Amino acid sequence: MMDRLTKTLLVVVAALIILSPIGILLVWNYSDAWGEWDVSTVEHMVGQKLPGMEKLANAWNHAVLPDYNVPGWEDKLHASIGYIISAVVGVAVVLAVYYILVRLAAS
Amino acid sequence: MHIPDGYLGPYTFGFFYAVMIPIWYRAFKWLKKLRPQQVPLLGVLTAFAFLVMMYNMPVPGGTTAHIVGGTIIAVLIDPWAATVALTIVLLIQALFFGDGGITAYAANVFNMGVVLPFVGYYTYRFLNRKLGLSEVLSSGIGAYVGIVTAATVAGIELGIQPYIQPGYCPYKLSVSVPAMAIAHLVTAGPAAAVVTAAVVWYVKKSRPDLFEMRTIMKSRG
């Protein structure tokens, strides 16, 4: 059962998926968010080795769509398509986990 | 605001796992009480939170920032609903997209899923109930205060790391806190205020019962 507000928000979600490339195209020539650079970038910026960071940085390297993109899709058009694919996959997985959690909580 | 793996050392990220375990327990207990008719709404808002974080906005100085959507969920449903939503969203972002670390996961949920919605919500409630500001304006200001506070807390976590254990985040408090706070004061904060106020305005118009129902529930205790 779905009320009208939820239906409207579903349309908003669909629009956000389609328009998501705005989220990379607007910042195409920008660096990452502050404090989200990779190890070599940080080490280069501060001019020193960071052994702890080097050890932990790859604690997880099984992301299927790293940086919300299909690996290797570097140009604006491909990255935009990769971004939309990531949005669809992300929403699908998030909803699946949410409904599993709701089930678990209800049982 | 997604702290990657490697910025926080074991003591720091371990501390946040210890802090988050009772909070996750409490959030899960809250989820048990979620009314069936609210299940689709929280689902679609969780998807919404995932998507708004994909909208990176330019920050003067060359970095980027994004909004989170936590205050919207807190105002429309409950701050605990935002904790549940952001716990899911941040897990998927870390596992599938490498956005935010696995070791830093608990710290990230603490910042975006606890500090942000609770500060946002109580700011909203104070302005609305005590100062009599409209729900729309109160929620917008709440979202602004919430995201700037969360970013500042993230800056503190990063900035104390050099004092706790060197070799991880090299930036001290004097660098990390202003950097995180300013990015969200000038870019993500205003965006969060506008988006939150717009959503709350629309919901008030189309579903005023969502607000009235809660006022009745709260006054009954």
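Chain A contains five helices and zero strands, where helices (H or I, at least four residues) and strands (E, at least two) are DSSP runs numbered from the N terminus, and its elements run α-α-α-α-α from that end on. The radius of gyration of chain A, taken over C-alpha atoms, is 18 Å, well over the 13 Å that the globule rule (2.2 Å times the number of residues to the power 0.38) gives for 107 residues, so chain A is more spread out than a compact globule. This is a predicted model, in which local features need pLDDT of at least 70 and side-chain atom pairs count only at pLDDT 80 or more, while totals for chains, interfaces and linings use all residues. Residues are numbered from 1 along each chain as its sequence is written, and chains are lettered from A and ligands numbered from 1 in the order in which they are written.

Turning to the partner chain, 56 residues of chain A are in contact with 54 residues of chain B, contact meaning that the C-beta atoms of two residues, placed from the backbone, lie within 7 Å. On the side of chain A that touches chain B, helix 5 (76-106) is one of the helices that each supply at least two residues, and helix 5 of chain A gives the most, with 14 residues.

Within chain B, B:Ser134 lies in the loop between helix 5 (105-130) and helix 6 (135-164). B:Ser134 is partly exposed, with 14 other C-beta atoms within 10 Å, a class that falls between buried (20 or more) and exposed (12 or fewer). The C-alpha atoms of B:Ser134 and B:Trp201 are separated by 9.8 Å, although these residues are 67 residues apart along the chain.
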